Amino acid sequence: MTTAVAGTVGTTVTTRSRTARDWLFTSFGLLSTLLGLVALGTLLYDVVSDGAGRLSWQFMTSYTSRRAADAGIYAALVGSLFVITLTAAIAVPLGVAAAVHLEEYGGRGRLSRLIEINIANLAGVPSIIYGLLGLGLFVRGMGMGQSVLAGASTLALLVLPVVILSTREALRAVPSSLREGSYALGATKWQTIWNQVLPAAFPGILTGLILSLSRAIGETAPLVTIGALTYVPFAPDGIWSPFTVLPIQVFAWVSRPQASFAENAAAGILVLLGLLLILNATAITLRDRLQRHTR
Amino acid sequence: MNSIACTLRTGLVVLPLLAGAACGGGPSESGAPAAPRVITADGSSTVAPVTEAVAEEFQRANPGTRVTVGTSGTGGGFQKFCRDETDISDASRPITPGEVAACAKTGVAYIEIPVAYDGLAVVVNPKNTWAASMTVAELKALWEPAAQGKITRWNQIRANWPDREIHLFGAGVDSGTFDYFTEAIVGKTKASRGDYTSSEDDNVIVQGVGGDENALGYFGFAYYEQNHDKLKLVAIDDGDDKNGAGPIAPSPESVKNGTYRPLSRPIFIYAKVKALERPEVKSFIDFYLNQGIPLIREVGYIPLTDREYTMVRGRFSARTTGSMFEGVDSHSQLTLEQRLTR
Amino acid sequence: MTRRRLRLVVEFVIERALFLSAAGSILITAGIIFVLLFETAAFLREVPLADFLFGTVWTPLFFDKHFGVLPLVTGTLLASGIAMLVALPAGLMTAIYLSEYAPSVVRRTVKPILELLAGVPTVVYGYFALLFVTPKLQALVPGLSGFNALSPGIVMGIMILPLVSSLSEDALRSVPNGLREGAYALGATRMEAALRVVFPAAFSGISAACVLAVSRAIGETMIVAIAAGQQPRLTLDPRVPVETMTAYIVQVSLGDTPGGTIEYRTIFAVGMLLFVSTFVLNLFSNWLRERFREEYS
């Protein structure tokens, strides 16, 4: 069929050329999709080939050094784990509480709507702005200095919108029959939430939390802005201690022109990616285990 | 519900309580009373490689001690130092009268400790075949404030050079290297054009020049030594035959015998007197002035003479405060030895 | 007090506490705006707004200070523009391919892999841009400096591609099948159905995704901080070192600037400009999504 069909389809071109164009288009589509995959593959290949040789027990347990061969990731690794744990400790109670309010208690009023819009916008703010907030409020304003606490507080603010949004999703997914059954048995609203709804929503909450922590582990800009140092040859010993984290250590090594430091940076990246992998795998396993039980 | 969810849910409540419990004390208290506190050093990116090297060996020899080294630039380092925030200030130029006043105002007494010589190196990319040497006058024409936006091509400096863009890399304004370079070349401290890649971190300058055929940059000699495969030195002709005729390239010899001018300079650390009451700080400085000397050569700078080190150590043990350069032009012909005896 | 009364009191207290947590999120936004506004206001007391927004020389740290932010803005727009040239076509094509063409097995494997791209920390991309892409590009593009806008621009594009493709794909898939099948019934090829029927129907979601991508590119920090350079200059040449707004903030933060000085305030003034731009873009994106949304009941 070559002639006009209702104006939306080409009227003056032959079927063969339309088929040809369709074929071309399909190829473009395939190529574009492959572009993303090829880019990822190239990136991973580049990092692995640069850094895999440098990974060793010595690398994992040494502090940073001026001599590239002696430098290690230990202080940054401990720093990252410490900061992330503290970030979770701050963000989780606040985020879950806020989400519970919005989902279970919140009215449809103006204030609730405003809070919702606000949280959605916060999720789109560039991370460096949170760094400026942390600098002005925590480091200078509250006098926390360039400490683990200031870093964790800043990161907590950064992940809070995501935690709230994902917890709300998880709460929403809990069937109302569960709640109503609980009320029918005489439980109060909070009893219902604490004993029925939250445990049921837990897998989803956990997944959302892990996702946001994954993002926080890789964040460099906010922590650089609040003043995390790039040469810290010791592990932090308390929440007031100066610190460094994996992405900042990688950044510091990338900034050095010697090729041997580039290798260290690549190895550091592999440690960072490994940590992310473990985190996400734990999340998926936990979520599956819990989902089976609460079925 | 199962026990995992139960435990995790309880963790939701317990975790913040634990974090709160760790909240003991304010920022001024850290660690147990018996453990040594962190020794904080900050300042020049030129001096930082030496301080880092000494810090590393010191921590290795004295487990339990901790030293952090920042690179905010000489000016930035002094600002922190005079706000009583750091113990040691790394400096690639002497303390200025303004900084002396700031420290006096906050009551921070310090000991000025020269640790090495540096020959400020002017570098270009190895593929740059034309700029093997430059005169001080040419450098001035290139870097003075009036050059901003106007001197942008190589053939504007010397007519027989190629007609290509110059990409400039140099020290940031908080850097002692910046102060020293502008004073020595342009004639007035901090007087420089602003349209170049400026960084307090000399590694960035190395990367910039090493990656760009049309680039020119300057930094402390150690950064050239550590990266000589990526860079090419430019010999400097100061037009003064009395200290070496013709263009002279920086090297340990030319810096030591005074022929590499005007870009040879001493580099310093400044130690806070109050901090020296802590045994770990005092032993760190002692370590710096004894076991640190071989490290200076390793990093790429030029050690002082043995006589000069003896005098510096004497100055330190006597806790002589104040600066040797007060009221005197730091480019005057007095050598360090002469100043130390005054 | 009876047990029941006690329980009611406890419930009341908990309810209030939960409300405070939610309302606390407003405090964050308020905090951001307050901190930025406070320092920017102090900054503007010394530098006229017109000089800041329209000046073409940015040398706030030097002796001869100029506070014209345009060089930073052009640096940002240059890098982001290149990123969009990569991310938008490739992302949209990927979305159309996955939504209209690909068998579901392919979709199920490709989507998570693309999500991985989005999850890689930006410092890793910075490493990739500086140490892999730039040297390779230097062989292809004559006169490419070690620091330039082209390399981080391309890498940013790759990083943002999953965002564009995933959001666009969601929009495309939410178009009811009836529309597609109607087009096929009228004899359209898959390409024609995709481009002339499904795409316009999903326009609201797709345009919202594109605007969001621009916002993301503008706010990106580490890739440009590592690979684009630190030289503020008013240029559209992607081969030379430039400085973006975000890289400037990082540069100053790595040094030391005491609070209360004009130099300290510049990072907040630039931050304010950045915040306002991304905020406006995000609002625009939301508006697009609502405005052109086709209701399929």
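Modeller: Contact here means that heavy atoms lie within 4.5 Å of each other. The model is a predicted one. With its neighbours within four places in sequence left aside, Trp143(B) is in contact with Leu168(B), Phe169(B) and Gly170(B), with Phe181(B) and Val186(B), with Ala191(B), Ser192(B), Arg193(B) and Tyr196(B), and with Leu216(B) and Tyr218(B). The largest nonpolar core has 271 residues, and of these Trp143(B) and Ile113(B) touch the most other members. Apart from that core lies another, of 13 residues, which includes Phe81(B), Val100(B), Val108(B) and Phe325(B).

Helix 10 of chain A comprises residues 246-254, and nine of its nine residues are buried, so the helix is largely enclosed by the rest of the structure.

Helix 11 of chain A, residues 259-293, contains Arg287(A). Arg287(A) is partly exposed, its relative accessible area being 27%. Beyond its neighbours within four places in sequence, Arg287(A) is in contact with Pro203(A) and Thr207(A). Although Pro203(A) and Arg287(A) are 84 residues apart along the chain, a separation of 4.7 Å is found between their C-alpha atoms.

Two other helices of chain A, helix 3 (residues 74-105) and helix 6 (residues 148-172), have axes that come within 6 Å and cross at roughly 35°. Their crossing is right-handed. The contact between helix 3 and helix 6 of chain A has 21 nonpolar residues, together with four polar and four charged ones.

Chain A also meets chain C, with 72 residues of chain A in contact with 75 residues of chain C. Between them the two chains bury about 6,600 Å², of which 77% is on carbon and sulfur atoms. On the side of chain A, the residues that lose the most area to chain C are Phe25(A), Leu43(A) and Leu132(A), which together account for 10% of what that side buries.

Chain C itself has twelve helices and zero strands. Its C-alpha atoms fill a box of roughly 85 × 70 × 35 Å along the principal axes. Of the 297 residues in chain C, 58% are buried. Among the contacts in chain C with a separation of 6 or more, 72% are between residues 24 or more positions apart.

Note on methods:
Residues are numbered from 1 along each chain as its sequence is written. Chains are lettered from A and ligands numbered from 1 in the order in which they are written. This is a predicted model: local features need pLDDT of at least 70, side-chain atom pairs count only at pLDDT 80 or more; totals for chains, interfaces and linings use all residues. Side-chain values use heavy atoms; hydrogens and water are left out. Buried means under 20% relative accessible area, exposed over 50%, partly exposed in between (1.4 Å probe, protein chains only). Helices (H or I, at least four residues) and strands (E, at least two) are DSSP runs, numbered from the N terminus. A nonpolar core is a set of buried Ala, Val, Leu, Ile, Met, Phe, Trp, Tyr and Cys residues joined through side-chain atoms within 4.5 Å. Axes are lines fitted to C-alpha atoms, for helices over the stretch in contact, and angles run from 0 to 180 degrees between N-to-C directions. A crossing is left-handed if the near helix is turned anticlockwise from the far one by less than a right angle, and right-handed if clockwise. Ala, Val, Leu, Ile, Met, Phe, Trp, Tyr, Cys and Pro count as nonpolar, Asp, Glu, Lys and Arg as charged, and the others, Gly among them, as polar. Buried area is the accessible area (1.4 Å probe) that two parts lose on being put together, summed over both.
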